[in-house]
Amino acid sequence: MAIELVRIDDRLIHGQVATTWTKDYDIEQILVINDKAKNDTMLQSIVGFAAPKGVKIHIFGVEQFLNIIKKQDIKRRTMLIFTNPIDILYLVENGLEIEKVNAGGMQFKDGKKRITKAISVNEEENEAFKKLIEKDITVFVQMVPKDPYELYEDYIK
């Protein structure tokens, strides 16, 4: 598979993704994996508008993406964007093979605990991160590529 980066960012595609991550990883396509975005035409328009020039954008629901990866390999240099680690864990438990997850942005809301200035999680999300780490998947916190590379597990010890 040609998955170059798996990123969690509840803003989906925005300036940082468009200008830094896609260039640093030489991304050819971005796959947004999110049930809400798949069913929201307004959000789809916003995501499409924010896409970097020359980078293909596709939006899939979680189950839809699972069915796709079971049938075919990803051949282009690809970034997967999620809004939470729960969906990633589900896909990993059902056959998605990845080595790393970039936790880039999860906004603080009621019921969430602030882990870093950019990452806030509820208990279910924190447990999903822990399970990904238990599966030897590196979870690193980094808003933009020039920021220090920090391991999520260092924040939860």
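Lys and Arg are counted here as positive and Asp and Glu as negative, while His and the chain ends are left out of the count. On that basis, the protein carries 23 positive and 25 negative side chains. The centres of these two sets lie 5 Å apart. The structure is a predicted model, and the values below are computed from it.

## Overall architecture

The protein contains six helices and nine strands. Its radius of gyration is 15 Å, close to the 15 Å given by the globule rule for 157 residues, so the protein is as compact as a globular protein of that length. Along the principal axes, the C-alpha atoms fill a box of roughly 40 × 30 × 30 Å.

Of the contacts between residues at least 6 apart in sequence, 68% join residues at least 24 apart.

## Burial and surface

Buried residues account for 47% of the 157 residues. The protein exposes about 8,500 Å², and carbon and sulfur atoms supply 47% of that area.

One of the pairs is formed by Arg77 and Asp26, whose side chains meet at 3.9 Å, N to O. Arg77 lies in the loop between helix H4 (62-71) and strand S4 (78-82), and Asp26 lies in the loop between helix H1 (15-24) and strand S2 (29-33), so the pair ties together parts that are 51 residues apart in sequence.

Arg77 has a relative accessibility of 29% and counts as partly exposed. Arg77 and Asp26 also belong to a network of salt bridges that includes Glu4.

Lys130 and Glu127 form a salt bridge, with an N to O distance of 3.4 Å. Both residues lie in helix H6 (residues 123-134), three residues apart, which is about one turn of the helix.

Both partners are classed as partly exposed: Lys130 has a relative accessibility of 28%, and Glu127 has a relative accessible area of 30%.

## A salt bridge with a buried partner

Asp9 forms a salt bridge with Arg11, and the closest N and O atoms are 3.2 Å apart. The cut-off for a buried residue is under 20% relative accessible area, and a residue is exposed over 50%. Asp9, at 0% relative accessibility, therefore counts as buried. Arg11, in contrast, has a relative accessible area of 36% and is partly exposed.

Terms used
Residues are numbered from 1 along each chain as its sequence is written. This is a predicted model: local features need pLDDT of at least 70, side-chain atom pairs count only at pLDDT 80 or more; totals for chains, interfaces and linings use all residues. Side-chain values use heavy atoms; hydrogens and water are left out. Helices (H or I, at least four residues) and strands (E, at least two) are DSSP runs, numbered from the N terminus. The radius of gyration is taken over C-alpha atoms; the globule rule is 2.2 Å times the number of residues to the power 0.38. Buried means under 20% relative accessible area, exposed over 50%, partly exposed in between (1.4 Å probe, protein chains only). Contact means heavy atoms within 4.5 Å. Accessible areas come from the Shrake-Rupley method with a 1.4 Å probe; for residues, only the protein chains shown count as cover. The place of a charge is taken as NZ of Lys, CZ of Arg, CG of Asp or CD of Glu. A salt bridge is a side-chain nitrogen of Lys or Arg within 4 Å of a carboxyl oxygen of Asp or Glu.
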